Amino acid sequence: MSAITLKDIRKSYAGGPQILHGVSMDIQHGEFIVIVGPSGCGKSTLLRLLAGLDPCEQGELLIDGKRANDLPPQDRDIGMIFQNYALYPHMTVLENIAFGLELRKVPKVERLKRARSVAETLQLTSYLDRKPGALSGGQRQRVAMGRAMARDCSTFLMDEPLSNLDNALRVAMRTEIKDLHRQLGATIIYVTHDQTEALSLADRVAVMKDGHLQQFDTPDMIYDQPVNRFVAGFLGSPAMNFVPSDCIDDWGGARDIDVGFRPEALSLNRSPVSGPSIAARVVLTEMTGATFIVHCESEAGRLSAVVARGEELPHEGDKIWLSLDPSQVLCFDAISGVRLDLPVVHHSQMPKTHVKETA
């Protein structure tokens, strides 16, 4: 039996446009699900419906196989972790963690015991007497997680919990959340607009746009076999390049398709090459750590390629030729954006990009 099932969920507010358009998902017990999409796509609304904070008026919501459309939040066995932490500033860490249990009339000895156990799991034991104002952003986030964990729920909903943290803390907290998921074995449904979080955390990713569920699949499938151009362009950093097929020399493809290829799939050349290629001029190189991103202008528009550190790097203003292997590209219908059924190499098998001299 699935932990949560959504069947044709639709949502609109009085006097406003429809926000969710027939969203259906089947979430298994213990899965880590990430809902990702741009601002305004409906992902937080969907989370509020799951939590019972907004009514589920159209479609069917099942929790452990039972209809839950009208089930009040306190009866859903779901813990909610908000973006702004929602901690009580006048309470200590211990009191904040235990507060939900107090509302449920759990005896004081039991709730403090459970709160201390959760604090130990989250490495908060030395901060139990502090108030939120004396904590760092990462510590406050762990307290918010602890308050939900103390309820011992079967499902946790997380609404962009890391968005208020700096980049270093975000990376550290991603690891902590993933480890916590392994320890708890609970179902986690996590909302974010950050595609790196989606790919690194999820067992499966739900990609949304304008209230429509675009694709619901594993990170590998989302990355390697996106169902349409939107999913292909939204997931991946740097973003996928797209060009009309007739802008590629020696491509021989139809004019009614767009070709997409990851920056790491390109090979940079100093002179013209045989096979599919695009002439371009380097406008900017950007160091990202272990790699450089080479930004180019071409007749097809702005393109990006990835060059590993240690490889020869082109200079700004250089004319180069970007070559690509047809087996490493995706093709999309130019009108609908739907991916066409052509083979693609798994991204982990793609060769490293380098600049090479050609005769």
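**Burial and overall form**

I began with burial: of the 359 residues of the protein, 50% count as buried. I note here that the model is a predicted one. I then looked up the secondary structure and found eight helices and 19 strands. The C-alpha trace spans about 80 × 45 × 35 Å along its principal axes. For the accessible surface I recorded about 16,600 Å², with 49% of that area belonging to carbon and sulfur atoms. I also checked the contacts with a separation of 6 or more, and 66% of them are between residues 24 or more positions apart.

**Largest pocket**

I turned next to empty space. Rolling a probe the size of a water molecule over the atoms shows where such space is left. The largest pocket has a volume of about 480 Å³. Its lining counts 20 residues, and those closest to the pocket centre are Ile78, Met80, Phe82, Arg104 and Arg151. I asked which elements each supply at least two residues of this lining, and they are β6 (78–81), α2 (93–103) and α4. The largest share, four residues, comes from β6. By class I noted 14 nonpolar, three polar and three charged residues in the lining of the largest pocket.

**Second largest cavity**

I found two cavities of 30 Å³ or more. The second largest cavity has a volume of about 30 Å³. Its lining consists of Ile81, Met145, Met149, Phe156, Met158, Leu180, Leu184 and Ile188. By class these are eight nonpolar residues, with no polar and no charged ones. At least two lining residues come from each of α4 (137–150), β7 (155–159) and α5 (167–184).

**Gln139**

I stayed with α4, where Gln139 is found. Neighbours within four places in sequence aside, Gln139 is in contact with Leu124 and Tyr127.

**Glu316**

I located Glu316 in the loop between β16 (301–308) and β17 (319–323). Glu316 counts as exposed because its relative accessibility is 52%, and the cut-off for exposure is over 50%. Residues up to four places away not being counted, Glu316 touches Val282, Val283, Leu284 and Thr285. I also looked up Ser304: its C-alpha is 13 Å from that of Glu316, and the two residues are twelve apart in sequence.

**Backbone geometry**

Most residues other than glycine have a negative phi, and most peptide bonds are trans. I looked for departures from this pattern.

- Gln123, not a glycine, has a positive phi of about 60°. I placed Gln123 in the loop between α3 (108–121) and α4, and its relative accessible area of 63% makes it exposed.
- Asp210 also has a positive phi, near 50°, in a residue other than glycine. I placed Asp210 in the loop between β9 (204–209) and β10 (212–217). With 51% relative accessibility, Asp210 counts as exposed.
- Ser237 and Pro238 are joined by a cis peptide bond, with omega about 0°. I found Pro238 in the loop between α8 (229–234) and β11 (241–244).

Definitions and conventions: Residues are numbered from 1 along each chain as its sequence is written. This is a predicted model: local features need pLDDT of at least 70, side-chain atom pairs count only at pLDDT 80 or more; totals for chains, interfaces and linings use all residues. Side-chain values use heavy atoms; hydrogens and water are left out. On a 1 Å grid over the protein atoms alone, a cavity is a set of points where a 1.4 Å probe fits but cannot get out, and a pocket is an open set with protein on both sides within 12 Å along at least five of seven lines; lining residues have an atom within 4 Å of a point. Grid points are joined across faces, edges and corners, and a volume is the space filled by probe spheres set on the points. Ala, Val, Leu, Ile, Met, Phe, Trp, Tyr, Cys and Pro count as nonpolar, Asp, Glu, Lys and Arg as charged, and the others, Gly among them, as polar. Buried means under 20% relative accessible area, exposed over 50%, partly exposed in between (1.4 Å probe, protein chains only). Contact means heavy atoms within 4.5 Å. Accessible areas come from the Shrake-Rupley method with a 1.4 Å probe; for residues, only the protein chains shown count as cover.
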